[in-house]
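Let me walk you through what I looked up, step by step.

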Amino acid sequence: MKGTLNFFRELAHYRSAILGLLIIGFLLAVAAYAVITLPYDQAIQLWRAGEEVWGDYPRNAVPEWMNLFANNTLAPTIVIDSRSNVNVKKQSQQVSEDMRTADLVMPFEYTSDGFPDEINLFLSAKFQQKKPQATMTWKTPDGREIRLGDATIGTNERFAISIDQRLRMKLNDVAPQIALLAKPETLDKDKQPEVLKGKYELVVEGLTFEKDSTLDAKLVIYGQAYGWAGTDHKRRDIMIALLWGTPIALAFGFLAAVGSTLTTFIIAAIGSWFGGWVDALIQRLTEINSVLPTLPILILVGTFYTRNIWAILGVVILLGIFSLSIKSYRSMFLQVKEMPYIEAAHAYGASNLRIVFQYMMPKIAPVLIPSFVTLIPTFVFLEASLAVLGLGDPLLPTWGKVLNDAYVNGALYKGYYYWVIEPAVLLMLAGLGFATIGFALDRIFNPRLREM
Amino acid sequence: MGNGLLTVEKLRLHFRSSKGVVQAVDDVSFELKRNEAMVFLGESGCGKTSLAKAILRMLPRNVKEYSGKVLLNGTDIMQLDDEQFRQQVRWIKMSMVPQAAMNSLNPVIRIGEQVAEPTVAHFGLKKEAWNQARDVLQRVGVPLDFMNRYAFELSGGMRQRVAIAMALVTSPDVVILDEPTSALDVLTQANIMNVLKRIKQETETSFILITHDISTSSELANRVAGMYAGQIVELSDAERFFSAPLHPYSQKLMASVPTLRQTKKLEFIPGQPPSLINPPTGCRFAPRCPVKFEKCTEEPPLFAMHDGRFVKCWLYGK
Amino acid sequence: MATGTVQEVTRPKAGIHIPETLTRVLKYVLFRGAALFATVVIGVYLTVLIANMGGYLDTIRLAQIREQVGASILGDPTLQQLPASQLRERIDEQVAVEMKRLRLDQPFFVRSIDYLTDALTLNLGRAEFISSDSGSRQVRLILVERMPSTLLLSATSNLFLFFTAVFVALFLSRHYGSWLDRIVIAMAPTSAVPAWFYGIFLILIFASILHVLPFGGMVDAPVPETLSAYVTSLLKHMILPVSALVLHSIFIGIYNWRTFFLIYSSEDYVEMAKAKGLTSRTIERRYILRPTLPPIVTQFAFTLIYLWQGAIILETVFSWPGLGRLLYQAISLFDVPVIVGNVVLIAYLLVASVFLLDIIYALLDPRVKVGGGERRS
């Protein structure tokens with residue numbers, strides 16, 4: 001206890017290490033938050049879900065904090081659902097025995113400076129045989145009425161207003177999501193369209209042909225900004241991947257580092273204690289391992305066998321066992337082996353295993369700690385590297401996969417910088433956090449470096 | 001003071017460490033005459049090696065205070081800048097055989113070249129330097145064919161001789177020997193001491209010998225300085241220091257030397273040598289002194305005795 | 001290292017022990033060479049096994065052949081009238097011929113040994129999908145074609161890095177504790193971030209936002225006709241990937257060398273050299289650089305070896321047409337000959353350099369004798 005306290009006191013001498021500890025603390029907190037608030041299965045399900053879950057989310061929306069840098073307020077997403085929104089006025093009148101009108105008046109207030117990227121109207125109807133029909137009209141604050149179109153409505157119908165060609169032609173070939181929300185006088189070719197702020201209404205005039213037939217509508221005006229992290233090309237909230245990427249990255253880095261350092265360490269100890277053919281074999285295996293290219297093999301494994309992150313973890317550890325650090329551990333162990341207390345232990349009949357595990361390894365163990373900590377970011381980035389090559393885990397949301405999605409979808413060309421920057425910053429934080437602590441530890445545990 | 005070859009006045013070397021300021025050398029003054037050998041005696045960690053480094057300005061990186069006067073033939077070498085010091089003092093006037101001389105040889109330069117190097121560096125005479133190196137190596141008893149060897153091919157005793165040869169090659173006025181024999185076996189020790197004695201007889205060179213080994217140092221010493229906690233506590237001619245020391249510390253030190261064929265109880269000094277970081281106030285030896293009294297809470301000056309000896313102890317104060 | 005005679009304490013006088021020394025040297029070289037060659041053999045065989053998925057890839061290949069043959073026969077209008085059974089026979093026949101040609105009728109073990117001997121004799125064979133720009137399927141040609149791009153990129157950055165790092169570190173070890181030194185220490189952990197990662201940031205800043213440098217590739221799309229225009233375009237494309245590589249390792253490089261020099265300059269013999277009154281230039285040259293030359297040369301040699309190993313992800317991120325990207329392409333296309341060829345090339349270079357290094361080491365460091373046992377660390 002006292003030892004740990006002293007250790008942290010010593011670590012606190014290094015300002016960079018304090019920064020590192022803060023960063024790692026932050027990441028651990030994020031990881032804990034992710035695991036507690038969003039269970040593993042749920043996170044995977046959400047991340048793999050399609051339009052049925054993410055339909056109401058904007059595509060490639062920037063994070064809301066981008067408002068801080070934008071001159072205009074970025075449009076948030078507006079969803080008006082006739083099933084849940086109390087402002088929607090429903091009117092129904094009997095026309096004939098089976099025929100009824102079903103009108104929905106959906107008001108909303110548009111106050112942003114920016115135009116939305118997309119507007120969708122989801123219509124759903126209940127019926128037995130005869131599908132209801134509807135006519136959609138857009139009412140602007142200045143009293144204009146624009147007929148959007150008519151439709152026969154099935155159980156689930158999507159009217160993609162923003163990409164409707166007929167509507168676009170009617171609007172003088174201006175994208176509907178702009179034309180419908182702009183001040184009409186700014187729609188000239190040489191002018192920058194401006195938003196007409198105010199109360200809008202979408203009126204759905206429906207006609208049902210059966211007794212219990214009903215009609216419902218949901219208008220989604222997709223904003224330009226969403227949440228803390230924005231959304232990706234599949235409308236998914238990137239936050240999920242950022243949150244869940246944290247525990248995965250930390251666990252992967254930590255386990256890979258523990259696995260490879262510990263095994264390497266034990267093997268080096270055994271080799272140098274027993275010497276002879278055991279040692280020779282270990283040395284040869286190390287040399288063979290040094291010829292094998294790690295990353296290509298991982299790529300091979302990812303392409304040919306499995307992309308499961310835990311399987312990859314196993315291969316990483318396997319390739320790390322006979323790493324070149326065996327040689328440096330070995331030379332340290334060879335020195336320890338000659339020390340009198342080992343000789344004494346041998347003399348009074350301690351077993352080989354006891355000497356290796358209880359006498360030799362603890363002596364050098366401190367040297368392990370810094371190299372172990374500095375290894376963690378290497379593996380965190382290794383996972384990201386594989387993901388960037390498209391070999392990320394098929395199920396899990398990870399930072400690397402977000403980066404890969406962004407890269408594959410040309411985020412850098414199209415200007416979706418947040419998509420790249422967010423996972424990149426997290427990766428960078430993890431890398432720098434562990435690296436700074438590792439460097440400080442190296443100075444603490446390596447007396448030769450202490451004064452340097 | 002002031003008419004010897006080397007006069008050191010109030011030399012002080014303090015350095016910073018993570019635990020505080022180390023007062024390695026604190027107000028040390030002494031005088032060394034030509035062809036004289038002065039021995040600095042003291043326990044490990046009393047600042048002897050730091051004293052050697054302070055005289056030759058071989059300072060560590062974390063120096064806090066470095067002050068005092070070091071007069072060599074009347075000029076204060078403390079006033080020289082680093083480049084002047086390098087050109088005028090190092091190995092021209094003063095050389096040293098460092099502690100662990102075995103590791104102080106360059107592993108990849110041949111012995112002969114290394115011994116000749118100071119002459120080449122300071123005088124630029126290649127051929128002459130080589131001849132001088134050969135002579136001096138011969139004088140300290142290194143076989144000539146060793147000149148083409150590398151340090152790792154030599155035994156410890158041979159390396160020590162090479163280090164001594166290297167210190168003598170430019171015939172400096174003062175040679176500082178820092179524990180020149182501590183890592184060697186008894187026979188080799190005797191051998192080396194004989195070499196040094198012979199050199200002292202043959203040349204005009206003065207020696208400063210730093211050691212904790214009383215018996216070997218007695219061979220060479222003309223005068224002895226007892227050092228305790230970074231300070232000189234007794235300064236005396238060798239004969240009287242070894243036979244009848246004045247300071248309680250020196251007395252204890254002498255009593256701890258084993259002698260053959262004499263049944264005498266070996267003494268030791270209770271307690272630990274004081275830390276140089278927070279030395280005791282007053283007399284620094286007081287906490288371990290068997291004869292301390294009230295006065296000892298004040299720091300004693302270095303009293304000059306009528307017989308020419310100096311002692312830093314209230315017992316001898318007027 | 002390899003076994004050998006016990007290190008001799010005294011240097012044998014010239015002319016006396018020559019025959020003995022010579023045989024010892026020869027024995028050592030042979031033994032070491034054999035051991036290293038065995039290393040290559042096993043390493044390459046493992047690669048062959050992994051790259052063929054232990055033979056499983058053949059099943060995939062077989063299915064592909066069947067599909068191709070089937071498509072070509074069924075799509076042939078002259079054969080349409082034939083009854084189905086005959087068509088199937090036709091297909092089977094064709095598949096068998098194809099299998100024979102590719103030696104797929106042999107058991108995998110036999111073929112894996114074939115692959116191994118071919119690889120070791122640098123008979124790298126034909127690629128299955130990838131072809132060189134000149135249209136050749138020869139793996140050797142493909143590799144040779146990609147080599148210059150990789151070499152250009154990695155040699156520029158690594159040679160720059162190596163020499164800058166060593167010289168700056170030497171300077172810093174003299175100016176220990178200066179502000180520049182502190183900056184380097186503080187920046188050293190940034191090397192935990194891989195080069196391709198800096199690449200993405202650089203692309204973001206200089207290509208996406210500022211539009212001053214290209215996103216990737218090696219030269220502009222219509223290849224410039226004049227030499228000067230070509231070189232300018234090439235240089236422009238090199239700036240970002242080279243900067244990414246440099247950013248990634250410059251600080252850790254300087255930091256490591258600096259620590260290395262500091263450790264060596266606190267050796268007793270350096271202290272002694274200072275006491276001897278040697279100039280700091282002499283001390284640096286004879287007492288710091290000279291004894292540390294063997295590790296510096298080793299490091300340099302390894303720098304040279306890894307020049308050949310293209311940076312896979314960096315080249316992919318920058319669409320740089322080098323060996324690294326080739327390897328990635330080969331893997332995604334299951335083009336085993338190209339994969340194995342790439343790995344064999346690097347294994348050979350690596351092992352050959354290790355072998356050479358052993359000899360260089362012995363020449364540079366008198367403490368290490370050829371035929372002597374352990375290297376002193």
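**Entry 1: chain B as a whole.** I kept in mind that this is a predicted model. I looked up the secondary structure of chain B and found nine helices and 12 strands. Next I checked its radius of gyration, which is 20 Å, close to the 20 Å that the globule rule gives for 318 residues, so chain B is as compact as a globular protein of that length. Its C-alpha trace spans about 65 × 50 × 40 Å along the principal axes. I also noted that 45% of the 318 residues in chain B are buried. Among chain B contacts between residues at least 6 apart in sequence, 64% join residues at least 24 apart.

**Entry 2: the sheet.** In what order do the eight strands of the open sheet in chain B lie? I read off β6-β7-β8-β3-β9-β10-β12-β11, with mixed pairing. The edges are β6 (94-97) and β11 (303-304) of chain B, each of which pairs on one side only. Then I picked out one pair: β9 (residues 223-228) and β10 (residues 231-237) of chain B run antiparallel and are joined by six bridges. Within that pair, B:Val224 has B:Ser236 in β10(B) as its bridge partner. As a reminder to myself, strands of a sheet pair through backbone hydrogen bonds, either parallel or antiparallel.

**Entry 3: a helix on the sheet.** I followed helix α5 (residues 156-168) of chain B and saw that it lies across β6 and β7 (174-178) of chain B. This helix runs at about 175° to β6(B).

**Entry 4: the cores.** Which residues touch the most other members of the largest nonpolar core? This core has 270 residues, and my list for it reads A:Leu403, A:Leu427, B:Val115, B:Val162, B:Ala165, B:Ile176 and B:Ile208. The largest share, 15 residues, comes from α16(A). I took a look at B:Ile176: leaving out residues up to four places away in sequence, it touches B:Ala52, B:Ile55, B:Leu56, B:Met94, B:Met96 and B:Ile208. There is also a second, separate core of 13 residues, including A:Ile326 and A:Tyr359.

**Entry 5: where chain A meets chain C.** I found 36 residues of chain A in contact with 40 residues of chain C. On the chain A side, α8 (276-291), α9 (294-305), α13 (352-391), α16 (417-445) and α17 (447-450) each supply at least two residues. Which helix gives the most? That is α16(A), with 11 residues. Sorting the chain A side by type, I got 27 nonpolar, seven polar and two charged residues.

Notes:
Residues numbered from 1 in each chain as written. Chains lettered and ligands numbered in written order. Predicted model: local features only at pLDDT ≥ 70, side-chain atom pairs only at ≥ 80, totals over all residues. Contact = placed C-beta atoms within 7 Å. Helix = DSSP H or I, 4+ residues; strand = E, 2+ residues; numbered from the N terminus. Nonpolar A, V, L, I, M, F, W, Y, C, P; charged D, E, K, R; others polar. Core = buried A, V, L, I, M, F, W, Y, C linked by C-beta atoms within 7 Å. Buried ≥ 20, exposed ≤ 12 C-beta atoms within 10 Å, placed from the backbone. Rg over C-alpha atoms; globule rule 2.2 N^0.38 Å. Pairing = 2+ DSSP bridges. Axes fitted to C-alpha atoms, helices over the stretch in contact; angles between N-to-C directions.
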